Amino acid sequence: MSVIGIDFGNESCYVAVAKAGGIETIANDYSLRGTPSCVAFSPKNRILGVAAKNQMVTNMKNTVFGFKRLLGRKFSDPHVQKELKHFPFKVEQRQDGGIGIRVNYLGEDNVFSPEQITAMLFTKLKDIAATALQTQINDCVISVPSYFTNTERNALLEAAAIAGLNVLRLMNETTATALAYGIYKQDLPAPEEKPRNVVFVDFGHSSLQVAACAFNKGKLRVLATATDPQCGGRDIDMALAEYFCQDFITRYKLDPRKNQRAFLRLLQEVEKLKKQMSANSTRLPLNIECFMEERDVSGDMQRLQMEQLSADTFTRVERTLRALIHNAKLRPEDIHSVEIVGGSTRIPSVKSLIEQVFNKNASTTLNQDEAVSRGCALQCAMLSPAVRVREFSVTDVQPYAVRLAWDAARHDDGDMEVFPAFHAAPFSKMLTFYRKEPFSVSAYYSNQVPYPDSFIGQWHIKDIQATPEGESQKVKLKVRVNIHGIVTVASASLVEKKQECGQNESIEMENASEGNGQAGEAHDAAMDTSGGGGGADGPEGAEDQNDDKKDKSKDKSKKVLVKTIELPIDAQVPGFSQHDLNGFMEQEGKMQAQDRQEKERADARNALEEYVYELRGKLSEGETLHDFVAEDQRNRLVNQLDALEQWLYDEGEDQNRQVYCDKLNELRTEGEPIKQRRLEFELRPGALDDFALTI
Ligand code: ATP
Ligand code: MG
């Protein structure tokens, strides 16, 4: 079994594998390491990755891209509405308010969710890895932007589940990069020494992410992050495309905005031009043949011009870099180095902006494209028993403050901050409530999140009643930021004080730490809302609260024995129901079977075509098989091959697999004996000398 790390980028994905010998990035079926985040549909199959991107311009309406930014969002979300403007494919509102992507697949209209489309891409990545490694792939770690909210993270997990991937961790992209950096550094400060602070800048296609991390030998701790989810390389492409639109209107009276295909081609060309400008400051040409109305267009641009057109983007980059310094409370002199990754950090002015803000040279220790996937593969290896790697403890942060509110419907409602912004993660906190009846808590983000809805979820805690004496019961909730960065109420338990320990009873200590057992991280701690005037206790709980305080003092000396009973919880969190997910999984399975069938059909057709060409070539005058068959049979066979070639481009274009196989077998019964005669002839001692004499 292999363990893999997946960098799911908005533009392209990378897959890395952890092996005994180290980390390796896997090449795809086109021998490329990057696989475009592109999914296309045809009347016969789905087209995934490189092949999808290659046919994008000719199959625009059915080629889906940019879906990473749609995960877990509603159609009406202003962010989605903004993204839609750039899509040539159809996007609509589903009945539940979610996003539906309408494409023509197998000759019919089909509507898929962004989670399903992402799952399709994941099945491709899984396939690429399985082919390269010759094993089944199940366990993986997938990268996620550090600014992703609960809903978006959950949607990504759903996509992975549809693709049959077992996600051991959703790992923040900059944290994965930090791990890829730290694990090979031999000179990190000892655990008791002052840590080495390194800043990581990842400027990709759709967003900018920056993190400050503190390293000691064998561990890293994320101090803070700063992100701009709306600032990436594509914004520069857009600015350049806008410029050329104006240019073409003036000089050619052609408006690419009016023609989606032309605009898409323009975007592809300006992206190429932008990349060339990173290496070259002279004026560079842009030529597009047969652009619109069958006319060729051309233009040019210089790096300086690109910088002026993208000034807005650079301002946003600078703002985000400065926000990191502020969030991490670091002075420039506290920063050891700045590591840059992500395609857009190749732009010289971005690099110099980074150097200017941090007053340091930007280092490129890491592979700019592969660092995220490599970090994910390392983390996967650490979490999986299948591979052994050096341990490296990773403490991440949860970037948004999270609040918990309870019993809004009652008079004793309350609200408190459970996790401040940049709190360590994963992490659990224990909250104590005193209740005589079932109650609900809900969690929400309290500071600015790049998501229209701050709601995280609501949990209804059931099976609570008053004690026989009519008193409140003590209920403990475990509120957790889990390994995926998802905030959840992980459990609720009723705490009954007991004199003795019996069956199913456990010893519990107030404020006891709870280890999470993952990757050697034990950052979990406990918190008691009853202590700090958090207001979690209703009026009826006041006495208990005092009791509790007494208990606590006893705890410290005697360890009071208590019985805890797990309480059932009804969770209402955004996302698909299990029923829907099962349906998606089944549908994905069918689509995979269809793709397989279509591939086998195409392979059978190709095999027949290849055989036709090969045999005909070898039968021709002067070629290897010409003299090994009687003339009349040869002429008949060549005629048959000509007819077959014609048929393959005619009605034979679209037959089922068996038809091609039958024709191939029929042909082989004639062709193979001829080949055999040639082989026997060659194997005779001195055969080739004889052959040389005969010609
Ligand atoms: P994201 O991280 O935003 O989800 P991603 O991981 O797919 O997306 P990357 O692969 O890091 O993004 O970067 C892709 C971006 O980098 C594209 O906008 C691309 O045009 C840009 N890029 C790549 N190489 C260069 C270059 N040499 N010069 C300028 N820009 C470049
Ligand atoms: Mg990226």
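Predicted model: local features only at pLDDT ≥ 70, side-chain atom pairs only at ≥ 80, totals over all residues.
Leaving aside residues up to four places away in sequence, S113 touches R94, I99, F576 and F584.

F584 turns up again in a helix pair, among the α13 residues that meet α4. Two packed helices are described by the angle between their axes and the distance between the axes. Here, the axes of α4 (residues 150-162) and α13 (residues 578-619) come within 9 Å and cross at roughly 45 degrees, so α4 and α13 are oblique to each other. On the α4 side, the contact is made by E158, A161 and I162, while α13 puts in L581, F584, M585 and E588. By residue type, that contact of α4 with α13 splits into 5 nonpolar and 2 charged residues, with no polar ones.

Then there is α7 (residues 260-279). Its 20 residues, at 1.5 Å each, should span 28 Å, and the end C-alpha atoms lie 30 Å apart, which agrees. At the start of α7, a side-chain oxygen of N259 comes to within 3.0 Å of the backbone nitrogen of R261. The buried residues of α7 include A262, F263, L264, L266, L267 and V270, along with the charged E271 and K274. As for what they pack against, the buried residues of α7 meet the helices α6 (233-252), α8 (303-309) and α10 (348-358), plus the strands β7 (63-65), β16 (284-292) and β17 (295-301).

Note on methods. Residues numbered from 1 in each chain as written. Chains lettered and ligands numbered in written order. Heavy atoms only, no water. Axes fitted to C-alpha atoms, helices over the stretch in contact; angles between N-to-C directions. Helix = DSSP H or I, 4+ residues; strand = E, 2+ residues; numbered from the N terminus. Parallel < 35°, antiparallel > 145°, perpendicular 65-115°, else oblique. Contact = heavy atoms within 4.5 Å. Expected span 1.5 Å × (residues − 1). Buried < 20%, exposed > 50% of the residue type's maximum accessible area, 1.4 Å probe, protein only. Polar contact = N/O pair within 3.5 Å; in protein donor to acceptor, adjacent residues only side chain to side chain.
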